[in-house]
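Hello,

Here is the structure I promised to pass on. Please open it alongside this note; my findings follow below.

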Amino acid sequence: MKQQTFASQSSFEKYGRKSRRELFLDEMEVVVPWSELQSLVEPHYPKAGNGRRPVGLAIMLRTYFMQQWF
């Protein structure tokens, strides 16, 4: 039987505190109109072809925004 640590017990997860980064990202999820931005960029974003498949558009948009924010 694997020994559980005090911190890994699920009963203490509700007492956890969100970091400043998590709070900021949660706020940006609400504030930024992701679906509208995605619809603007989608016609110009590369499609899957013979080469390597491109990363999903939603992931790339969030990545570019995070680079600017942090």
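Is Phe24 buried, partly exposed or exposed? Phe24 is partly exposed, and its relative accessible area is 28%. Bear in mind that this is a predicted model.

Four aromatic pairs occur in the structure. Phe24 belongs to helix α1 (residues 20-31) and Trp69 to helix α3 (residues 57-69). The pair therefore ties together parts that lie 45 residues apart in sequence.

Trp69 is partly exposed, with a relative accessible area of 28%. Trp69 also pairs with Trp34. Here the ring centres are 6.5 Å apart and the planes stand at 70°, so this pair is edge-to-face. The angle qualifies because edge-to-face means planes over 60 degrees apart. Trp34 sits in helix α2 (residues 34-41) and Trp69 in helix α3, so this contact ties together parts 35 residues apart in sequence.

What about the surroundings of Trp34? Trp34 is buried, at a relative accessible area of 10%. Arg62 lies over the face of Trp34, 4.5 Å from the ring centre.

One more point on grouping. Which residues form the aromatic cluster? Phe24, Trp34, Phe65 and Trp69 make up one cluster.

Over to you.

Best wishes

Technical notes
Residues numbered from 1 in each chain as written. Predicted model: local features only at pLDDT ≥ 70, side-chain atom pairs only at ≥ 80, totals over all residues. Heavy atoms only, no water. Phe/Tyr/Trp six-rings, centres within 6.5 Å; stacked < 30°, edge-to-face > 60°. Helix = DSSP H or I, 4+ residues; strand = E, 2+ residues; numbered from the N terminus. Buried < 20%, exposed > 50% of the residue type's maximum accessible area, 1.4 Å probe, protein only. Lys NZ or Arg CZ within 6 Å of the ring centre and 35° of its normal.
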